[in-house]
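Reader: I'd like to learn how to read aromatic pairs and a ligand site in a model like this one. Could you walk me through it?

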Amino acid sequence: MPDLSTVTNGRILYGGDYNPEQWPEETWLEDVRLMKAAGVNSVTLGVFSWAELEPSPGAREFGWLDRLMDLMYENGIGVVLATPTSSPPPWMGHLHPDTLPVDQDGRTEWWGGRQHFSHSSATYRRYAAAITEDLAARYGSHPALTMWHINNEYCTFDWSDEAAARFRDWLQNKYGTLAELNEAWGTAFWSQGYGDWAEIHTPRHAHYLKNPTQVLDFRRFTSDMLLECYAAERDIVRRATPHLPVTTNFMPLWIGQDAWRWAEEEDVVSVDLYPDPRDPLGAQQGALVQDMTRSQARGPWMLMEQAAGPVNWRGVNHPKPRGLNRLWSLQAVARGADAVCYFQWRQSRQGAEKFHSGMVSHAGEEGRTYQEVKQLGAELACISGEVTGSHTANDIAVLHDWHAWWASAQDGRLSSEVDHPDLVKAWHRALWQAHLTTDFAHPEHDLSAYRLVVVPQLYALTDAAIENLIAYVQNGGTLVSGFLTGVADEDDRVRPGGMDVRLRELFGIRTLHEWWPLDAGEGVECDGFRGTLWSEEIEKDEESVTEAAFKGGELDGLPAVLRKGRAWYVSTLPEPEALRGLLGRIAADAGARPVLDGLPDQIEAVRRGDLLFVLNHSREPVSVEVPGTHQDLLTGTAFTDEVTLLRYGVVVLRS
Ligand code: GLA
C-alpha cells in the first residue's frame, strides 16, 4: 500500500494549501519563484475549487488547473490534489435544495459560506463522485500528482429528512429489530417506545432532554456517513491511481469523527493544528495533537495545515512572535511529522479569511513571515534525510475513545463542568510537564508494549475494553485511571453499582456510594494536594491502599487516590502540579523515564528514531545538560555536556 514515504522519498514535505484561483496568472509565476526560494516541495491544489472546475452542472473547466499542474511539475513541486467537495458551487444548492444540510432546529444551512453539503444527500454524492471521477481521469497520470486529499475537514452534521431516512437504515442495520432498538435506547423511559421504523427521526430540537442513546447513535451515524462520503471518493481515486496515497485532514480532537476508525481508512493520516500563540500551554496542546495523530497513523504523519502567523477565527487573533513558527514546526517533526504544511501559501486579499495569515503575508517577500518560512524550509532540508520515516516507541499510552466521549457529552449529567477533552488535556499536560513522552491508544488496542497506561476518563466502555484493561494489569502493566471511568456500557446503560464490577475489583473499590461533583472553582483538600472538579464517596476493599485521602468535609478520610497493586484510581482531578507529581511517581515506579533527566520547565526533549530534539518553549535562553559531545544538525554548532538554547531555540542531535 502507498503511504507517506511514497511521497516523501527522504524529504520532509514542505508547503501548503495553494489557492491560485484567487490570483491572476502573473502572480502564479511570482508564487513559484518564492516557493522555490523557500524550499517548498509540495502544494495542495483544488480544496475549494468546485465552482471553478464545474461552473454549471456537468460543465468542466480544467484548463487553469492543467496549467498549474504543469507549472508545478516544471518547477519540481509535487501536487497534493484535493477533491473540491467540501464547498459545492451555488448552483447546486439553488437547483438541488436537497443537497443542503439542516440543523437540529430545522433551519437550512445555505450556500455563501462553505461545507454546506448534506452527507446523506444522494444528489450531492452523485455530483461529488462525478467531479472526483473526472479529476482522477484527467490528472491520475500527471507527473506532478503525488497524493490525493479528499474533501476538507469533514465536520458537518445533518438533521434533514434525507438524513433521517439514512439514519433509519443505519439503525436497522445495527439493531435488526425494533425490539432491540427499544431495549438499547431504554425507550421504556418517558413513553418513547417505537412501534414502526418510520417513527424514528434524527434527534431534532425537543422540549426537554433527548434520549441519550439516540443522540449517541446519531453521533456514530454522522461519523459513519461522513466516512462513507470519504470512502466513495477515495475508492474512485484509488482505482485510477492505486500507487498514490489518499488522505483527508482531521481537525484535532474534533467531536464529529471517530478518528481511530477513520485512520484505518487512510493511507496517510493528516491533521490541521492551530494552537493559540498567546496560550501558555500552546506547545502542550500542539504536543497532544501530534501524539494523537502519530498514534492514529502508527508512524509518520502529515501536518496538513498550520498558520505561519495569526488565524482569524478567535476573538482576538495574535501573530506568532519571531521564532515560534519554527519552534512549533520542529516540535511537530520531533513528534513524528514528515510533512510540515500550512493553510495557506499566499494570504488572501478577499473573502472570509483575508486576515488569516499565509506563508506569504500581505507584507510579501520582505515580510518577516515569509522570511522565517524561507529559513525554516532550508533547515528542514538539512535534517530531512535523517528524520523521515523514523518512529520511536513510547513507554506510556493515554487512552482515548470517541464513543466514550460521545456518551459522556450529553445533558442530564451530574456536572456540566466535566468535559472529556479538558480531562484528556489535563492528564496529557501532567505527562508533558513531567517530560514524559506518550502515545495515545484506543481502549481495545493491544497495550502490552506499554509500561504505563493512563485513562483520563472513559465514561463508557465495552466489555472487550474492560477485559483488555484487566488483562493488561494482570500481565504486569501499570494502569492509572481518573474518575467516571467504566460507568456505562456502549448503549450508555449505567453498569450495576455505578461502575463496572470488574473495574471496581481491579481498583479495589467495594462500593461507590455517591458522586460528589464540585462547583466551578471549588477545591477539595486531599493529603498533599487540592482536588478540583469532582470527588467520590468510595468504600475501598481490604486489598486496596488509600494513597491520598480527602481531608475534611463529608468525604474526610475516603480515598482520593486509591491503589491496588499496579492499578491506580484517582477520584478527583488533582491540581496540575499535583497531577504532574503523581504521574511522575507512578511512571517512575512503572519504569517509564523522561527522555532526559533534570530538564528545566519549558524545555521539551523528544526522541525520534536516532535523533534527539531539544526545544525551548520560553522567550528566555535556557541551558540544558546533554551528556556527551554533540553537533546540532540544524546549525552545525558543536557542544559538550551542556547546550544553551536561545529564545524559542531548538537543537537536533544524534543520540
Ligand atoms: C481550516 C481549513 C482551512 C482554513 C483554516 C483556517 O483548517 O481547512 O481551509 O479555513 O481552517 O484556520
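Reader: How many residues apart are Phe167 and Trp170 in helix α7?

Author: This is a predicted model. Phe167 and Trp170 are 3 residues apart in helix α7 (residues 161-175), so about one helical turn separates them. Their rings form a stacked pair, with 6.3 Å from centre to centre and 25° between the planes; under 30 degrees counts as stacked.

Reader: Are Phe167 and Trp170 buried or exposed?

Author: Buried means under 20% relative accessible area. Phe167 has 0% relative accessibility, so it counts as buried. Trp170, at 14%, counts as buried too.

Reader: What kind of pair do Tyr230 and Trp262 form?

Author: Their ring centres lie 5.8 Å apart with the planes at 35°, so this pair is tilted. It links distant parts of the chain: Tyr230 sits in helix α9 (residues 212-240) and Trp262 in helix α10 (residues 259-263), 32 residues apart. Both Tyr230 and Trp262 are buried.

Reader: Which residues surround the ligand?

Author: Among them are Phe48, Arg114, Glu153, Trp313 and Glu353. By type, the shell has 4 nonpolar, 2 polar and 5 charged residues. The protein buries 97% of the 310 Å² that the ligand exposes when taken alone.

Reader: What average pLDDT does the chain have?

Author: Where pLDDT is low, predicted coordinates should not be read in detail. Here the chain averages 98, and 100% of the residues score at least 70.

Terms used:
Residues are numbered from 1 along each chain as its sequence is written. This is a predicted model: local features need pLDDT of at least 70, side-chain atom pairs count only at pLDDT 80 or more; totals for chains, interfaces and linings use all residues. Side-chain values use heavy atoms; hydrogens and water are left out. A residue is near a molecule or strand if one of its heavy atoms lies within 4 Å of it. Accessible areas come from the Shrake-Rupley method with a 1.4 Å probe; for residues, only the protein chains shown count as cover. Ala, Val, Leu, Ile, Met, Phe, Trp, Tyr, Cys and Pro count as nonpolar, Asp, Glu, Lys and Arg as charged, and the others, Gly among them, as polar. pLDDT is the predictor's confidence in each residue, from 0 to 100. Rings of Phe, Tyr and Trp (its six-membered ring) pair if their centres lie within 6.5 Å; planes under 30 degrees apart count as stacked, over 60 as edge-to-face and the rest as tilted. Helices (H or I, at least four residues) and strands (E, at least two) are DSSP runs, numbered from the N terminus. Buried means under 20% relative accessible area, exposed over 50%, partly exposed in between (1.4 Å probe, protein chains only).
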